[in-house]
Amino acid sequence: MKKVWKINKLVLPQHSDHAGVMWHGTYFNWLEEARVNALSKAGINYVDLTKNGFELPLIDTSIKYIAPLFLGDNIIIETLFKISKSPKIKIHSKFINKSKKVLTVAEVNLVLINKNSFSIVRKRPEFISKAFSNLNG
């Protein structure tokens with residue numbers, strides 16, 4: 001069974017507009033936070049990843065806003081990684097409220113690159129492969 005990674009978030013004033021609706025840019029920040037948090041729990045600190053000459057840039061994304069998030073909402077972000085031998089790393093996330101209603105779904109696709117050459121890494125180093133295996137569950 002696939003591993004689902006979770007973080008809890010609270011919609012604060014800095015996340016919302018004057019109507020109390022969460023600003024669209026906050027979704028991207030929270031998606032990144034969820035990814036970096038899951039990577040850390042799986043054994044890769046993102047700072048260490050970059051110090052070792054790698055990056056995980058976003059290559060495409062989609063977000064479906066089903067219902068708005070409002071100031072004061074407590075949200076759980078559930079993140080599922082789909083990592084195979086392909087260079088593309090697929091990540092699916094759901095923003096879920098306390099009533100267990102899915103308010104937003106997102107897909108983010110990344111690729112592992114060598115920072116120095118900006119080339120896609122097709123043969124992953126062992127420490128990255130191990131963490132990616134942990135992410136998949």
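Which residue forms a salt bridge with Lys 6, and how far apart are the closest N and O atoms? I looked it up: the partner is Glu 78, with the closest N and O atoms 3.6 Å apart. My cut-off for a salt bridge is a side-chain nitrogen of Lys or Arg within 4 Å of a carboxyl oxygen of Asp or Glu. Lys 6 sits in strand β1 (residues 4–10) and Glu 78 in strand β4 (residues 74–83), so this pair ties together parts 72 residues apart in sequence.

Ground rules: I'm working on a predicted model, where local features need pLDDT of at least 70, side-chain atom pairs count only at pLDDT 80 or more, and totals for chains, interfaces and linings use all residues. Residues are numbered from 1 along each chain as its sequence is written, and side-chain values use heavy atoms, with hydrogens and water left out.

Next I searched the whole structure and got 2 salt bridges. Besides the Lys 6 pair, Glu 33 bridges to Lys 9, with the closest N and O atoms 2.8 Å apart. Glu 33 is in helix α1 (residues 24–42) and Lys 9 in strand β1, 24 residues apart. Helices (H or I, at least four residues) and strands (E, at least two) are DSSP runs, numbered from the N terminus.

Then accessibility: buried is under 20% relative accessible area, exposed over 50%, partly exposed in between (1.4 Å probe, protein chains only). Lys 9 is buried at 17%, while Glu 33 is partly exposed at 38%. Lys 6 is partly exposed at 48%, and Glu 78 is partly exposed at 23%.

Last, confidence: pLDDT (the predictor's confidence in each residue, 0 to 100) averages 95 over the protein.
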